[in-house]
Amino acid sequence: MSAKAAIVEARGVSRVYPMPAGPVEALREVSLTVEPGDYVAISGPSGCGKSTLLHLLGCVDTPTSGSLLFEGRSVLTMREEERSRIRLHRIGFVFQRFYLLPMLTAWENVELVQSEAGMPAAERRARTLELLEYVGLAERAGHLPSQLSGGEMQRVAIARALANRPGLVLADEPTGELDDETGEQIGDLFDRVNADGTTLVIVTHNPALAARASRRLAMRSGRLAASPAMARP
Amino acid sequence: MSPLQFAGRSLYRQPARAILGLTGVAVVGALLFDMLMLSRGLIVSFRDLLESTGFDVRVTATEALPGLGPAVADAAAATDELRGLPELAAVVPVRFGGAAVETRDKKTRQVAIIGSETRRRGEWRLVEGADLGDGTDGGRPDMVVNRTLAREEALAPGSIVRLASTLPGREFRVTGVVEFPFEATGESMAGVTLRGFTLAFPTARRDEADLLLVASQPGVGTDAAVAAIRHARPDLHAFSIDEVLERLRHAEFSYFRQVSFVLATIASFFALLLVTTLLTVSVNQRLGEVAALRALGFSRRRITLDLLAESALLVGGGGIAAIPLGLLLARGLDSILRQMPDLPSRLHFFVFEPRALALHLGFLVLAALIAAAYPVILAARLPIAATLRRESIS
Amino acid sequence: MSARLRVLFLVLLVAHPAAGLAASEAVGQPVAEILVSRGLLQERGLSVGQIVMLSADARGAGARPFRIAGVYEPTPDPSRFTAKRLEARLHLPDLLALTAEPGEAGVADAVGAINVALEDPSDAGAFARELGARAPGVSVVRAAAGDDEHFMIIERFHVAISVVTMIGSTAFLLALMVIRADERREIAGLLRLLGLRRRRILLQALLEGLCIAAAGAVFGVLLAAATQGAVNAFFQWRYDTTLVFLRVTPAIAARCVALALPLGVMAGLLASWTLLRRPVLDLLRR
C-alpha cells in the first residue's frame, strides 16, 4: 500500500497577534499532520487557540513562525490569491454561525461556490441536487435561510462546503448554536462525510461530537496535546 | 452568479434602503444634470436667437456690444461700402431708442423702438397685417408693434400710435403685428423705418446706426465676411456670432456658469459622500459574510467586483432615473429664471445638449467607482480570521 | 443713448497720455478735470494727474484734454457685476460740450435725464404723476425697483435649488436612519420582550434623533459660515467687485436649523416606527 502525502503538515507553527496592550501568542509551536481520510477533533477551553489553528490549517491565515505545508506546498510562500484558490477548490469551511447568504436560497448558496470555481452550469445543477439530497434538504432547495431552522442551515452549509469536492473540510464549532438533538444529526452527517472519504478537522467543545472523531486532540494555552483516548484505526 | 446579479440580490435584501438610496441619487443626480444644462444653456439659447435672425455678423462703432456703445457715424455710406463687398449678402442698419407712447387711458407707457430700413431679412417676424412700407399715410409713418403692445393697447393694423415724448406728439400708423427675436416678456416694442426713427427721435443724430446687421454670402462663411469687413473698414468692429458668444460667456453669462459649477460640485460631493456612506455601512454590517466568502475561497477581485456592481446599481439606477427627473426640474427652474426683467422671452437658461447627457453619464461611471473605493478597501483588506473570530464572539 | 454712456466708451478708445498737451497748460489754458473708475485706471495704466484725451467720436475727432483729478470706486451694481466698470465722471458742462455736434442748438441746456431726490420718498408716485402732467414730452418714472425683481427671482431660483437638495438629502437621511434602526433591531426586540412599550422606545429614538439632528444642523451652519469667506473671496476676485455674494445671517442659520431639526427627528422616528411595527419575535430572529 503506497503512503499518501499528508494533506496538511504543520511543524512548530506559532501565531502571535500584536495588540495595543502587548503581543498575544495564540499558538505556540504547534505541530500537527492531517492525513487523507482523517477525522480529527480539537477541543479545549475558550481562547486556547483552536480556531486560530483551524484558520492556519485552512489557509485563511499564515503563521508567524514555523512551517506549514498544504498538499506538500508551503503556505508561507503563497500569495493571497493562491491561498484563495486553494480555499475555493481544495478546502471546505463550516462555520459556527452558518454564514449562509441571506438573500440566496439554499440551492443558490450551494451553487454559488461552484459557479465561482468555474464549474459548467449543467454540472453545477447536478452536483447541487446531489448535495442537497445528501444532506436531506432537496425539498427545501428554494427556501431562504430565514425560512430554515438552525440545523437545516448548518446542513446547507455542509453541502456548500462539499460542493467543490475538497480534499479537506474544516468545521469551527459546527454545533455551537444548535441544540443537542440537532447537534447529533450534524454529527451523523459528519460521520457519513468522513466515511465517504472526506478528511475532516473539527474544532468543538461538544464532547459528544468530539467522541466521534478518530483522533482527538486537546489544546490548552496555544499548545496541542494528544488525547490519551482513541488510537488511529 | 455574476457580480451584477449578486449586487441586485444584495440590494433587494434591504429594499427600503435600496429605494431610498436610489431616490436620493436620482434627486441629486437630477440637480447635477440640470447644472450641466445650465452651464452652457444661456450660450446655446442665445446662439439660437442670434442665428434665427438670419444675420451672422454684427458691426458696431466700438468693441462695446450692440446698443451699449457709440453709434456708427455716416451709417449710410458705411452701409453702401459694405454692400459692395462680394463676401456679404446683406447689410442692414439698425437704430435703437425708447419713447413714451400715449395709452388708451391717457397715460404713457415706455416702448422700445427699433428703426430699420425696409429691406429686411430678420429683425422681426410678421405675425399679422403688413410689414413697413417706405411711404407715410397722411403724414403718419408706418409702425409695426409687438403682440404685447398690440394686446395691451388694443392695436391692430390701421391703428394710430401717438408718441408722448415728442412735441408735438408724433403719430404713427400701425401696419402690422410682429415678433421681435429679442423682446422680453411683457415688453412693449415697435419697429419703424429709419426715416420714421428720425421723426420719433428728432434730437437724435441723423445718419447714425447703433448696429449694422450683416449676412454673409452662402458658401463664403462668417469668418471670411468678418475678415472682409475688417479689411475694408478697420475703424469699425465686426463680430461673428461666435465672438459675441465668447464674450458673453466670459462676462455677462459667466455668473450662471460659475453658479452651475459650484452647485454641480456640491451636488457631486454630496452624492458621492452619501453613496459611499450607504455602501460602507452596508459592508460593515456584512463583515462576517464577507469574511466567510473570503474563507470559502472568494477572491479579493470577486469581492471588489461585487461591491463595484452594487455601487453601479445604486448610482447607475438613480442616475438614469435622474435624467427624466432632471428634464422636468429644468423646466421648472427655467421658468423661474425667465421671469427676470428685460430678458428675451425666447431665451432659455436650461438647454438640453447631448454633451450634458454624456457628461452626466460619465460622472455616473466615475461616481460609482469613487463611491465604491472605500468600501472595497474595507472589504478587500479584511483580516479574515480576525473578523470570523470577532463575529463569533459578538 | 445718454451722453454719459458714450463717454464711457470714448475713454476706452482714446485715453492716452497726452504729454504734448501739457504745453496747453503751460500757455495758461486750464485743463478740465475728470474722475476715472479704479477699473479704468488699472485697465489702461493711467495715473492721477495724467492728462488724457476724450472724444465723443469713435474715430477720435474732436478730442479734448482732461486731467485725471482722482479715482473712484463705482458703487457695485448687483445687476451688472459681471461687467467691467470702465467709466469716468465729468462736470456736466464739460460732458455737454464734448458730446455736442458743432452748431447743435440748445446743447448747453439738454440732458438725458434728471435725477430727483425727494424729501419724502413715499411721495414719489404722486410727484411723478404731477410732473408728468405738467411737462408733456417728459417721461417721469420712479427709480426702478427692477433690480429688486432680479434678486427676487434669483432668490426664488436658489430656494428651488434648496428644496431639491433637501428632498435628495431627506431620502439619504431616511436611508441612513433605516440602517441605524436595523442595527438596533435585536436590541429593540429585546427591550420589547422585556416589556418596554413602543412609546418608550420611540421616545428614546426621538431624543437620539434630536441630538443627532441638532449636532448636524449646527455643524452645517458652522461649515457654511466657514466657507462663505472662500466663496465671496473667489467671486470678488473673479469679478473684481466688492459685492458680497454669500452671507450666512442669524436668520438664515435659524431657518436652516429649524428645517433640519424636524427633518432629522421625523426621519429617525419613521425608521424606528417601521421597525417597531414588526412582531417582537421577527425582530429577534436572524
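Analyst: Two residues are in contact here if their C-beta atoms, placed from the backbone, lie within 7 Å. In this predicted model, B:Val275 is in contact with B:Val25, B:Ser311, B:Leu314, B:Val315, B:Ala367 and B:Ala371, once its neighbours within four places in sequence are left aside. B:Val275 belongs to the largest nonpolar core, a set of 154 residues, and together with A:Val201 has the most contacts inside that core. Helix α2 of chain B, residues 15-52, supplies the largest share of this core, namely 17 residues. There is also a second, separate core of 58 residues, which includes B:Leu88, B:Ala112, B:Met189 and B:Ala200.

The next topic is the contact between the chains. Chain A contributes 26 residues to it and chain B contributes 20. On the side of chain A, the elements giving two or more residues are α1 (50-57), α2 (80-89) and α3 of chain A. Of these, α2(A) gives the most, with seven residues. By class, this side of chain A has 11 nonpolar, seven polar and eight charged residues.

Helix α3 of chain A, residues 106-116, also packs within its own chain: its axis and that of helix α5 of chain A, residues 150-162, come within 8 Å and cross at roughly 25°. The two helices are therefore roughly parallel to each other, and α3(A) passes α5(A) in a right-handed crossing. From α3(A), A:Ala106, A:Asn109, A:Val110 and A:Val113 meet A:Val156, A:Ala159 and A:Arg160 of α5(A). By class, this contact has five nonpolar residues, one polar and one charged.

Conventions: Residues numbered from 1 in each chain as written. Chains lettered and ligands numbered in written order. Predicted model: local features only at pLDDT ≥ 70, side-chain atom pairs only at ≥ 80, totals over all residues. Axes fitted to C-alpha atoms, helices over the stretch in contact; angles between N-to-C directions. Helix = DSSP H or I, 4+ residues; strand = E, 2+ residues; numbered from the N terminus. Parallel < 35°, antiparallel > 145°, perpendicular 65-115°, else oblique. Left-handed = near helix turned anticlockwise from the far one by under 90°. Nonpolar A, V, L, I, M, F, W, Y, C, P; charged D, E, K, R; others polar. Core = buried A, V, L, I, M, F, W, Y, C linked by C-beta atoms within 7 Å. Buried ≥ 20, exposed ≤ 12 C-beta atoms within 10 Å, placed from the backbone.
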